[in-house]
Amino acid sequence: QALPHSPPLAIPRNLPNGDPAWPPFSDQDDPPCSSARMRIKSDREKMTVRSEAMRYWRSIHNKYSLLNGFNRQRRSAMVKKQRQRIKDRNNMSIFFVLVFMLVFVVILVAEVFFIDEHRTGMLFTGKRPSEFDPIGDIPDYFMDDKKLVGQLEIDTYRRQELSVKGKTGNQERFYRKNVDETHLMARVTGNLVKSVHGIAKMDWLNMLGLKEIAYFGSNSSATDGQWQPVYYTKHKFFVYSAYYDDRKGKIIRVIGATQTKKSDRVWCKYWYSNSSTLIVNGAIKIIRENWNLKFSACFIACPLIIYKNGKQPIPPPESVSIMADPGGNATNKLRVMNLDVNKEQVKNSFAVCVKPLHFDYNNVNQMIEFLELNKILGVEHFTLYNHTIGKDVDCILRQYVEQGLVNILPWKLDIKSQKEIRTEGLFAALNDCLYRYMYQYKYILMVDLDEYIVPHANTSLPQLLRYLHTKADARKIGAISFQNSFFYLQWPDDPSSASLPPLVTLRKTRRRQRFHPHKQRSKYIAVTPYVVEAGNHFVWEFLPGKGTLNVPNEVAFLHH
């Protein structure tokens, strides 16, 4: 295409010598001006249209560029926020991992360095057996039963005064001896009726399938060691046994199971041999080891001293009923135990209390080994609670029952184990066993079937007690605690046990060197006259001035 303001180029011709040459223009060769101007105008118009189009598209491009820039900024901010959230989550995850690792390290360090209070094993020790921890009252929790008794009153109480002729010895025995000559009466008045009138009655007995409910009267026989319901309560309420206890205030102490928090108010109905009855307010005291479950073992304190028109004693009854409605019918009647006992003749002998057997327990070898080894160590009696046991163990235990070595009590508590109450209500069983044999055996071992309190400085439990009394004041000892050591069943057997009978205590002689401290997996021997409330691993409450003696592991410890 020809350039503007320039003549059109001529096509070169080849000269004879091969060089191109441009022919000169002549005047006749002048191009037409009109066609050139039209081409130039056309080109300018095209350039103008093209420039306008370019400006239009540039404006459109600028507008979209601003919009795209805003979108890019917004997307960038969203990406930054998302990245920050991911970073925060990662940091939080790292924090939790570090906390978990720190807790694990603390537990590991405590397990390795601090489990053994004395930092000694059984073989390598720097502590002399004569060094004992001081005895003192457990400061964890303390409640005096006298505070309960002082708040209890009866609504109406009328008693013919007893003759004081020939009154000798124990005051309670005098009342028991002359109770037939005494007229006792309790009148349920409008105040008591109004106090229970608004109670919402819940027929939870029918919910449990108990369609036929037994009512007890003056001619009905009292029971002992059998769970019975307390009717007309808003929740499940059972009672098992009743004991006369005059150590911290004269009361009838009933072993039961009820709701842990906000339990119903109850009354105690006393039954006497001359058909007299008496109704007094009862106080519920929850046994502390309940694991925050809905139901707990409990004591019901029924007073034998009232504070109305002065301090007045109440003769101990022969039986007692726990009632939610003082004007209603009794659905339980418990024989009061420990009424006529001579506290001065308690033998310095040993007994064992075991928590309820459940899950159809049928390990014959373990049962025989437990009974026979403890007999060798000096135990004279065993008390077991039968929730469910297998036929083989039942067969074995019958022989021991006939020998008088074992006592088996029924344990059918209609409260769901582990979901509503701790392990078949074991704390009710331990305290029932404590009060049942309080004045028969001075020392009671609270252990399980896979636990053995073994002396290492003596050959038997009686020898161990005599040795301990030389190291501490026996008048202050309310319980004797033993540190726990695990003998793991998965560890290899003792090589020297191959020719011995297949007993766990003979095969598993290898143990952990470190001991758990006292109160952690430890077990104890209760000195029964001084214990008020028994726990699983230690005693919760003593009589004033009594405490726990912590035994060094060089002297004895718990083989678990």
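User: What is the torsion about the S-S bond of Cys353 and Cys433, and is the disulfide left-handed or right-handed?

Analyst: The torsion about that S-S bond is about -75 degrees, so the disulfide of Cys353 and Cys433 is left-handed. A disulfide here is a pair of cysteine sulfur atoms within 2.5 Å, and for Cys353 and Cys433 the S to S distance is 1.8 Å. Please note that this is a predicted model, in which local features need pLDDT of at least 70 and side-chain atom pairs count only at pLDDT 80 or more, while totals for chains, interfaces and linings use all residues. Residues are numbered from 1 along each chain as its sequence is written, and side-chain values use heavy atoms, with hydrogens and water left out.

User: How many disulfides does the count come to?

Analyst: The count comes to two disulfides. Cys268 and Cys302 form a disulfide with sulfur atoms 2.0 Å apart. Cys268 is in strand S8 (residues 266–271) and Cys302 in strand S10 (residues 295–303), 34 residues apart. The torsion about their S-S bond is about -70 degrees, so this disulfide is left-handed. With the bonded cysteines numbered in sequence order, the pairing is 1-2, 3-4.

User: And Cys395, buried or exposed?

Analyst: Cys395 counts as exposed, at 53% relative accessibility. Cys298, by contrast, is buried with a relative accessible area of 0%.

User: Changing topic: at what angle do H6 and H7 pack?

Analyst: Helix H6 (residues 364–377) and helix H7 (residues 391–402) pack at an angle of about 25 degrees, with their axes 9 Å apart. Axes are lines fitted to C-alpha atoms, for helices over the stretch in contact, and angles run from 0 to 180 degrees between N-to-C directions. H6 and H7 are therefore roughly parallel, since angles under 35 degrees count as roughly parallel, over 145 as roughly antiparallel, 65 to 115 as roughly perpendicular and the rest as oblique.

User: Which residues meet there?

Analyst: From H6, Val364, Met367, Ile368, Leu371 and Glu372 meet Asp392, Val393, Ile396, Leu397 and Tyr400 of H7. Contact means heavy atoms within 4.5 Å.

User: What is Ser319 in contact with?

Analyst: Leaving aside neighbours within four places in sequence, the contacts of Ser319 include Ala222, Trp271 and Arg335. Ser319 is found in strand S13 (residues 319–323) and is buried, with a relative accessible area of 5%.

User: Which value does phi of Glu424 take?

Analyst: Phi of Glu424 is near 60 degrees, a positive value in a residue other than glycine. Most residues other than glycine have a negative phi. Glu424 lies in the loop between strand S17 (406–410) and H8, and counts as buried at 6% relative accessibility. Arg521 also has a positive phi, near 65 degrees, but is partly exposed, with a relative accessible area of 42%.

User: How many helices and strands are there?

Analyst: The protein has ten helices and 26 strands. Buried residues make up 44% of its 560 residues.

Methods. Helix = DSSP H or I, 4+ residues; strand = E, 2+ residues; numbered from the N terminus. Buried < 20%, exposed > 50% of the residue type's maximum accessible area, 1.4 Å probe, protein only.
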